Amino acid sequence: MCRVDPLIELSYEQLSKAKRIILIGGGKGGVGKSVISAGIAFSLSKNYKVGVLDLDLQGPAIPVLFTHKLKERLRGDKEGLKPIILGNLSVMSLGFIVEERPLPLSGRDRADAVLEFLAHIHWNPLDYLIVDLPPGMGDEVLVPLRIIKKLKHGFIVVTRSSRLALPVTKRFIEFLRKEQVKILGVIENMYEPYLASKYEERVRELLNRYEVELLGKVPYDPYLESLLLNERNILESEKLARAFREISPKVVKLLN
Amino acid sequence: MHEWSIGKAIVDAVTNFAKGKNARRVLRVDILVSEIAQLDLDVLREAYKILTQGTLAEGSKLNIEIEKAEFTCNNCGYKWTLKDIGDIFSDLAKKYGIVDEEGTIDLPTHYMPMAIHALIACPQCKSMNFSLNITRSVEIKAIEIER
């Protein structure tokens with residue numbers, strides 16, 4: 001088989017519609033990567049054209065966070081699938097395509113599913129594209145990294161003060177370093193002062209060791225679940241809104 | 001109906017390859033197209049012809065081979081093809097079909113062939129754990145150039 005790959009060419013062209021790409025991941029599941037993606041996207045969309053790409057093919061959360069009230073069907077055009085437009089936001093998730101059906105994928109099927117998805121989304125010109133990644137270092141992370149590394153990008157690592165999450169975060173940052181990915185910084189999510197005090201030293205060590213910045217602490221807010229249940233914007237939580245008001249300008253500055 | 005963007009990607013990939021090999025021109029391009037992607041081959045050929053104009057690939061022959069999908073259940077070993085599940089496939093278009101600008105309804109597999117894993121199951125044991133022989137909408141098999 002010839003090594004010339006039109007899908008790589010097409011993915012590169014589609015992703016080039018964004019001036020800057022922000023990847024959001026963290027290795028560990030359940031640390032709130034999608035909430036962080038949504039918070040930064042909502043926050044940036046007040047001043048910029050922002051795309052949101054949900055690459056969590058098997059547990060897409062972006063439809064719940066963005067378009068819960070939307071009944072519009074996805075549409076296509078000559079250049080591919082058109083994202084759902086919500087004001088300054090353009091949103092795409094596999095959840096819009098196969099709804100709540102499971103998508104069991106393994107091996108080459110998984111890598112090619114990711115590549116085809118990247119290749120066939122027709123983005124309008126964007127100031128920022130936020131890519132919400134699933135846990136782990138599988139194909140959903142490896143495939144886009146190969147392409148996005150050649151574009152203007154930055155990676156935000158999401159973690160939380162937890163004995164279970166921090167070692168995974170360390171491994172994940174190590175991996176990003178070896179892949180020569182630009183790391184914008186770390187966000188400590190679900191921050192709760194009493195619990196965080198137990199891990200302060202470990203978090204500091206992690207940041208110092210890899211010379212990465214703490215972009216901010218997003219507090220744990222029990223009100224978040226109630227907002228989701230009532231189909232409301234997560235930035236209606238004053239605690240979250242305050243955190244993202246501080247984080248987003250830092251992200252913009254670091255990518256400029 | 002995104003054959004034009006696929007056509008452009010093929011032309012870009014082929015011409016970049018040819019430039020890298022210091023070719024004078026491209027003579028022939030062989031591509032393999034997945035049956036699952038249900039691409040309109042006439043549109044793809046037309047796109048290729050027009051998009052190669054003024055490039056190293058102008059006038060080159062585009063050979064398209066369609067690869068038939070063959071499914072194998074990893075649970076019970078049953079083997080089947082798209083033809084065997086034709087009715088299910090058209091039923092799926094009603095619920096999951098994506099409408100384009102011209103009103104054509106395509107299955108999600110037109111844009112992402114591996115979405116097939118979310119849409120069908122083994123006709124015999126109903127398991128969703130199955131394999132298939134093709135995973136991509138399009139692949140370039142060979143490029144013939146003249147130096």
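These exercises work through a predicted model with chains A and B.

**Exercise 1. Helix α1 of chain B**

Task: Decide whether α1(B) is largely enclosed or largely open, and compare its reach with the expected span.

Solution: 
- Take the reach. α1(B) has 18 residues and runs 26 Å from its first C-alpha to its last. That is close to the 26 Å expected at 1.5 Å a residue.
- Count the buried residues. In α1(B), 13 of the 18 are buried, so the helix is largely enclosed by the rest of the structure.
- Look just past the helix. There, Asn22(B) takes a positive phi of about 55°.

**Exercise 2. The largest nonpolar core**

Task: Name the residues that touch the most other members of the largest nonpolar core.

Solution: 
- The core has 115 residues. Leu129(A), Ile130(A), Ile10(B) and Val14(B) touch the most other members.
- Trace the core to an element. α1(B) brings the largest share, eight residues.
- Follow one member. Leaving out residues up to four places away in sequence, Ile10(B) touches Pro6(A), Ile31(B), Tyr48(B), Val138(B) and Ile140(B).

**Exercise 3. Asp112 of chain A**

Task: Decide whether Asp112(A) is buried or exposed, and list what it touches.

Solution: 
- Asp112(A) lies in helix α5 (residues 107–119) of chain A.
- Apply the cut-off: 20 or more other C-beta atoms within 10 Å makes a residue buried. Asp112(A) has 23, so it is buried.
- List the contacts. Beyond four places in sequence, Asp112(A) touches Met114(B), Thr135(B) and Arg136(B).
- Check a spacing in chain A. Asp112(A) and Asp139(A) are 27 residues apart in sequence and 8.8 Å apart in space, C-alpha to C-alpha.

**Exercise 4. Two helices in chain A**

Task: Describe how α2(A) and α10(A) are set against each other.

Solution: 
- Take the axes of α2 (residues 33–44) and α10 (residues 238–255) of chain A. They come within 9 Å and cross at roughly 75°.
- Classify the angle. The range 65 to 115 degrees counts as roughly perpendicular, and α2(A) and α10(A) are therefore roughly perpendicular.
- Name the α2(A) side: Gly39(A), Ile40(A), Ser43(A) and Leu44(A). Their α10(A) partners include Leu240(A), Phe244(A) and Arg245(A).
- Sort by class. This contact has six nonpolar, three polar and one charged residues.

Technical notes
Residues are numbered from 1 along each chain as its sequence is written. Chains are lettered from A and ligands numbered from 1 in the order in which they are written. This is a predicted model: local features need pLDDT of at least 70, side-chain atom pairs count only at pLDDT 80 or more; totals for chains, interfaces and linings use all residues. Axes are lines fitted to C-alpha atoms, for helices over the stretch in contact, and angles run from 0 to 180 degrees between N-to-C directions. Helices (H or I, at least four residues) and strands (E, at least two) are DSSP runs, numbered from the N terminus. Angles under 35 degrees count as roughly parallel, over 145 as roughly antiparallel, 65 to 115 as roughly perpendicular and the rest as oblique. Two residues are in contact if their C-beta atoms, placed from the backbone, lie within 7 Å. Ala, Val, Leu, Ile, Met, Phe, Trp, Tyr, Cys and Pro count as nonpolar, Asp, Glu, Lys and Arg as charged, and the others, Gly among them, as polar. A nonpolar core is a set of buried Ala, Val, Leu, Ile, Met, Phe, Trp, Tyr and Cys residues joined through C-beta atoms within 7 Å. A residue is buried if 20 or more other C-beta atoms lie within 10 Å of its own, exposed if 12 or fewer, and partly exposed in between; C-beta atoms are placed from the backbone. The expected span of a helix is 1.5 Å times one less than its number of residues.
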